[in-house]
Amino acid sequence: MTLQTSATAPSIPRAVIGVIVNNALVLALITVFAIFSLASPTFLTIANLQSILVNNFTLLAIVAIAMTFAVSVGGIDLSVGTAVDFASFAFVSLVLAGQPVAVAALAGLGAGAAVGAFNAVLISGIGISPFLATLGTLFIGRSIQQLLTNGGNPVYLPPSGIPEAFRFLGRGAIAGIPVPLILAAITILGATVILTRARFGRVALAIGIQTSVVRYSGIAARAHVAVAFILAGLIAAVAGLILSATVTVYIPSSGSAFLLNAIGATFIGTTLSRLGRPNIPGTVLGVLLLGIVANGLLLTGLNFYWQQVGTGLLIFAVLALSFITRRKASA
Amino acid sequence: MTSIIDETAPPVPRSANTSAATSTWLADLGTTLRSGAVFILLAALLIGFSTAEPAFANLGNLMSILQAVAVVAILGAGVTVTLAVGGFDLSIGAIAASSVMAASYAMIVWGLDTYATVPLVLAFGALIGLVNAFLIVRLKVPDLLATLSMMFLLSGLQLIPTAGRSISAGLILPNGTTASGAYDPAFLLIGRASLFGIVPVSVVLMALVAIALFVLTERTRIGRLLFATGGNEIATRLAGASTARLKTLAYVISGTLAALGGIVVAARVGRGDVSSGGSLLMDAVAAALIGFTVLGKRRPNVLGTIVGAVFVGVLLNGLTMLNAPYYTQDFVKGAVLVGALALTYGTGRSTSS
């Protein structure tokens, strides 16, 4: 009898902790959501929730997915912002030069992929570690943009010369859903399929866990790493197209604003996921979490710099929570 | 967590078992060239710039180059130590920027003098380093993530005491009162004075930091254990060393040096500018990475970091003198970084990815 109670008693809290560990990210999201709903009357309105999705979610989600590909092969891409900028520059410049929007958009995607390919050469070709290689790309990319724009002048599209398709990409809507949001959804779905259903995704994640095993199994690990970085550049380019179509201007080095939040979202998703490895749903929830915090802090009337403090504290809190619950669960 | 430095890259000495004596000789020459590449390039740059622009070679300009790189070199030395234990500190730029604000706040709002401000700010940096270490060592948070959130936190927190304003004498505080203090003239000497009228104090500080950390990392048992921790943490722990303490030491050194860098910036600028310290992180990291190639070490080393910082400083100063636009600077930094990395990792590696 006493034996039985001592055996079953700890299993109930353990089950509770298990639930918390397995759903830490969703629980964190619900908590933050509830706090802001109580703190600000305007937070829980349709208009504000839409604004979170459009302003705080779409672009960062796409860039963070690009980052997730680089992290999935055990790397990191500090130049995602560079790919955003190069795509934006090519897109806006070609539209300004009178090229069809479709051609300009393809060129933009190509420019982003080229940044990824440059990283791929440094990482898979020469063998430089991803962090260092993409740091170099970040520096060089920033300077190339300044050279192209005479020291950093924005490239504006005149209000009269904006093609309809360009405007549609940034501000349009299909059945009431903003086009950027639809593109983000397509990116999320596509990335999920590639990482979880395709052979490439399985190999990529295996490389992230143990490169040598993959190589000894006769799989070309380097080629897969290269593809992951080119994909990262290509996906970031999608964000670049949407960004420039929304604001109808290219501002040099504006993409680097996404970098730290993209890293934050990806690692929140990785750390708090059940499997502890990079995954698209985790990244997307991480972006939502960051977006809700940024929006909520703004609504509660705090200064903009509290947003940064909030983001930092949030990442701390989430990580500490994850660590404590994990240790209890395994104890 | 991904490791920043690919530890699988072994230093591959060119083996001397080829039969032909000439090829060994060539291989030796190749090794020598590679390990001395940065010095040879540096010499070439100095000669090239001096011939193109005679004003480049005068002592005043050379000292101004050193003064310009002093802060980056001091922060870079800290980066070197965290790289040595296999970690990474993304918060150094933010620590330096907060230290600029903290030093200004201490003097202008609290009216402290130099002898109270400097220890206070250094203690602040050490404390942040300790918090980083706690997160990384005790809570097992991945190093990039812990220091990244610290960076966010600091860059927001530093603005709060003054509600986002820069700090200079006569600052109006958020509660409406005017700050009464001012920058201590003795404090400004740290950034502006020169020893014997030739060597700037900041360059002296850089040299002291370089010597102290060189001795610590290359000549003491602790230094060897720091590198051992970065090489194989578990083996080091099993060998009886406290890797937790070693990593804590590394982050505390990194935080303190970042604060010292901030003090030098504050003393040079003479006010608490909210935007200072923006590019310090990337520049310091770049200097530390360029340092890998110096003397063919292929690992973080303090001497290399200082040489790396000076190398970039010479290049930028020379280009500026030759009227290159300011925006070529990042390109040069990036190209040097990639070149140095290709030199470190590209040659002598057969299998990798």
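Tutor: Start with terms. Axes are lines fitted to C-alpha atoms, for helices over the stretch in contact, and angles run from 0 to 180 degrees between N-to-C directions. Helices (H or I, at least four residues) are DSSP runs, numbered from the N terminus. This is a predicted model, where local features need pLDDT of at least 70, side-chain atom pairs count only at pLDDT 80 or more, and totals for chains, interfaces and linings use all residues. Residues are numbered from 1 along each chain as its sequence is written, while chains are lettered from A and ligands numbered from 1 in the order in which they are written.

Student: At what angle do helix H5 and helix H7 of chain A pack?

Tutor: H5 covers residues 80-96 of chain A, and H7 covers residues 130-148. Their axes lie 10 Å apart. The angle between them is about 25°.

Student: Are H5(A) and H7(A) roughly parallel or roughly antiparallel?

Tutor: Angles under 35 degrees count as roughly parallel, over 145 as roughly antiparallel, 65 to 115 as roughly perpendicular and the rest as oblique. The angle here is about 25°. H5(A) and H7(A) are therefore roughly parallel.

Student: Where does H6(A) bend?

Tutor: H6(A) spans residues 101-126. A bend is the angle between axes fitted to the seven residues ending at a residue and the seven starting there. For H6(A) that angle is about 25°, at A:Ala120.

Student: Which residue just after H6(A) takes a positive phi?

Tutor: Look just past the end of H6(A). The phi there is about 95°. The residue is A:Gly127.

Student: Which helix gives the most to the side of chain B that touches chain A?

Tutor: Residues are in contact if their C-beta atoms, placed from the backbone, lie within 7 Å. The contact takes 40 residues from chain B and 45 from chain A. With twelve residues, the top contributor on the chain B side is H14(B).

Definitions and conventions. Contact = placed C-beta atoms within 7 Å. Helix = DSSP H or I, 4+ residues; strand = E, 2+ residues; numbered from the N terminus. Expected span 1.5 Å × (residues − 1).
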